[in-house]
Amino acid sequence: MSADPSLILDGREIPFVPGQTILQAADDAGVYIPRLCDKPGLEPFGSCRVCVVRANGRTVSSCTYPASLGMVVESETPELQAMRKVLLEMLFVEGNHFCMSCEKSGHCELQALGYRFGITAPQFEYQFPHREVDASHPDILIDHNRCILCARCVRTSRDLDGKEVFGFVGRGPHKRLAASTGSRLKDTNADVTDRAIDACPVGALLRKRVGFAVPVGQRPYDTVPIGAPEPVQEARR
Amino acid sequence: MSKPRVATTSLCGCFGCHMSLLDIDERILALAEIVEFDKSPINDHKDFTQRCAVGLIEGGCANAENVHVLRRFREMCDVLVSVGDCATTGGIPALRNLVPLGECLHEAYVAGPSVHNPSGRVPDDPEIPLLLDKVYPAHEVVKIDFHLPGCPPSADTLWEALNALLAGKPLALPYALLKYD
Amino acid sequence: MTTSVDTVVREACVSVGHDPTRLMDVAREVQARLGCIPPAAVDAIHHDLHVSRAQVQSLVSFYAFFDDHPTSQITIRVCDDVVDRLAGYDRVAKAFADELGVTIGQTTADGAISLQRTACIGMSDQAPAALVGNVVVTDLSAERARQVVAELRAHRDPQRLIKKLGDGNNAHPLVKAMVRNNIRQAGPIVMSEPRRGEAIRKAAALSPAEVIRAVKTARLRGRGGAGFPTGIKWEMARAAPGARKFVVCNADEGEPGTFKDRVLLTEWPDRVFAGMTIAGYALGAREGILYLRAEYAYLRAFLEDVLARRRSDGLLGRDVMPRRGFEFDIRIQMGAGAYVCGEESALLESCEGRRGDPRNRPPFPAQRGYLGCPTVVNNVETLCCVTRILDAGSAAFSELGSRQSAGTKLLSVSGDVSRPGVYEVPFGTPIQDVLALCGGRDATALQVGGPSGRMVGPADFERTICYDDIATGGALVVFDSTRNPLEIAHAYMEFFEDESCGYCTPCRVGNVLLRKGLEKVLAGRGEPSDLEQFEQIAKVMKAASRCGLGQTSFNPVLSSLQSFRYQYETLVAEPAQGRRRGFDLDVATAEAARIRAGGTQ
């Protein structure tokens, strides 16, 4: 009987199930690879590129690249960490991320990765793009200033909520999230109970009137870095 | 031996970062033991008396005067630190960057719901510093050596950072002290 | 508008048999008949074709040739590619704008004519050029632009703008274009005398495996620029499981400065279609798609006619190789204005009726391509080579060129040269020989392979054109000593910023940061650290971008930085007194000063 297939991740042998991506195999083995657009249960998307790894010498997004037998994967190298940091800085300057007044602060995965990577100020100039807020829906809002185009809401609405509330329009730096019917969220069948709202890693898609419920200091990423092993998170809670 | 001199200023900020510095509580006495404050709102010194080891910048640059002060700090301080989100990102004042300057002024001085301004003019006294086209983080105007984000950075963050800087140690904040809010 | 939106949409959907994957054709038809694809049409398409609104809306917003609100009956798209700029784009665009009384992006008050700018339309050898509707207008001047407007106002018929037809098939009744071929040097392989039907007849005498072997023996590599061995690509698709397979010809020639496929499609279409047919036979595909860029719509009727003739001559359809039981047919898929669709997986997305976002790989198209079936995507020139290899033999092909780069390469030469046009040269030809041929006497900088290729200086002119030295998809844009490499790089970065699909972070953000950074340096406000930052951004884009666009689009900056570093270095300086050079107090306070002085808000 042959052993389970495995790959080498940062020098450590980890098993995988055929069909898994590198990221899924790493998750199952308890090894964290930073990511933003990937979310368990959703079809891999591969847009943020934060999960880049070197797989057999090629730089690939680990969330989309299939694991294969004996594959040698590097993740925590200085070069890849520097690359991830640049990608995060790009995301920070591309939008308008005012953490100090954002309901998602302390729960935001982009912010949490900023902390994890020790970013005190991005090296690039802030773009301050002019973007809109769609507060037309009675219970939900889209703040395009904070959207990182990860399509988590698009995929969740389509595949888990069975609704297809969201889509993308435009291209290049003008690409943006759009409500699929008409142009405003109120014209869609979006509902406050949609799982798509919880899928947003940043503060772009929010329920109204429920912000700032958790005191500073007790929020998920206040004291524990994103991606820290579960036992650590449990112990600190 | 003379004590290292520290200068501080609030550009386009709310003084919250200075309040946070005062929040180090009784440690301020220890701080006063090891440093001498030069130009700073804390002692109300209006200008530099001499070159300083450390300059702490609160606030971003919203007008010409902010730029002049910041440049003066750059000239007079060995190490310049951006303190708080306004200095590191533009912060809340930078919300106006999403609106054209003319519209901002019109709303603030002419059309806003709470405005009483029979002249209908935007204040134009030459004494008033000209606004910049947008609010700039400090490091886009002068070279900044270290950034301490936070709104405000906590007293512990400031204390840790000041101690490291004055001791000439590398500034590596522990995870819990690096915050953007 | 006499026909209702619903009727137009219904008819468009019927014409594609309500096939939801043919959304591009439906959208093109609606755009052509209504002048735009308004929200009501999006709704109607959603209902009639059973595709989500999100998909229709996304598609309409993605392609440059679709509008979501009414513009005009006639759209003038002035090509603002770098070569056109060298040739007088500014004067031409201004003449159009003045004569129409609008600025770029606007429509005349009477709703008759709108003026837009567009990226390279494949006419760099006869720039400045523009598209008026589907009609190509070349060799523009300010005066000619004014005449064009006057004539359009009088008769509103773009076709009547053409006074003199071009050479060869450009004068064909189904083309009737003023485009000139500008074939300057026809080589022995791609642009040789056609022998219609021969290659297919000879292929029929071989087994599919033998055909693939012939292509491998000839050492044919893809002519689009990447140079992947064609035979291996075919073998992968042949080996991939699936009853239905496809051959796609990539005629989305969008790399600025490239136009050789235009000439091949005009003069050697049979050779292209024969290549597709042979590929189909080799990998076991019965269906072929020619993806034709929207800018070449003027060739469509002609190409459809060539396909019809081939069907009636038994070179397509049931009777291609009756004894082999092989049948094959080809349809033309029109694009709608998106450079990224030249990327093979984005092209397939477009063929399936979606926005041109490249796909995640693996799987590769040869494994899962069009409609999830194994698909080979080949360049127009590659397929011409295939036909020639089967006709004249592998040895006749591979005796030209070098070991790693067999055969010849078509070059599209434009810019500061006296003889712009298409040159077929053997691989291994030194750049300076090409410059001598085309009359690029004062060449100081060359953009080889278009903006995604690299900018080289005189130090590299001794190097050769081939896969293992300077590889190129074929564009060679020549700049003389009066041109500023940084300004050229800047124009190309604007292009990439517009053409990025926006899917992945490094490409979506990186192009913008590089373009803005160059502006800072060009304004004399850069610092040495800015140049380091360019290199860092380029490194991340190259490694982390999702497709070939982002993996190369930094090249105008990176390669000009390598070839012309001194020009950058004269413009940057260390900040004095710690003041960032990028910040200019006078510029930053100009708006407030204007408002204070009583300027309008």
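**How the domains and chains meet**

Modeller: In chain A, 12 residues of domain 1 are in contact with 16 residues of domain 2. This is a predicted model, where local features need pLDDT of at least 70, side-chain atom pairs count only at pLDDT 80 or more, and totals for chains, interfaces and linings use all residues. Residues are numbered from 1 along each chain as its sequence is written, with chains lettered from A and ligands numbered from 1 in the order in which they are written.

Biologist: What makes two residues count as in contact?

Modeller: Their C-beta atoms, placed from the backbone, must lie within 7 Å. By that rule, the contact between chains B and C takes 20 residues from chain B and 16 residues from chain C.

Biologist: What are the classes on the side of chain B that touches chain C?

Modeller: That side has 11 nonpolar, 2 polar and 7 charged residues. Ala, Val, Leu, Ile, Met, Phe, Trp, Tyr, Cys and Pro count as nonpolar, Asp, Glu, Lys and Arg as charged, and the others, Gly among them, as polar.

Biologist: Why is chain B called as compact as a globular protein of its length?

Modeller: Its radius of gyration (taken over C-alpha atoms) is 18 Å, close to the 16 Å that the globule rule gives for 181 residues, so chain B is as compact as a globular protein of that length. The globule rule is 2.2 Å times the number of residues to the power 0.38.

Biologist: How much of chain B counts as buried?

Modeller: Of its 181 residues, 43% do; a buried residue has 20 or more other C-beta atoms within 10 Å of its own, with C-beta atoms placed from the backbone.

Conventions:
Buried ≥ 20, exposed ≤ 12 C-beta atoms within 10 Å, placed from the backbone.
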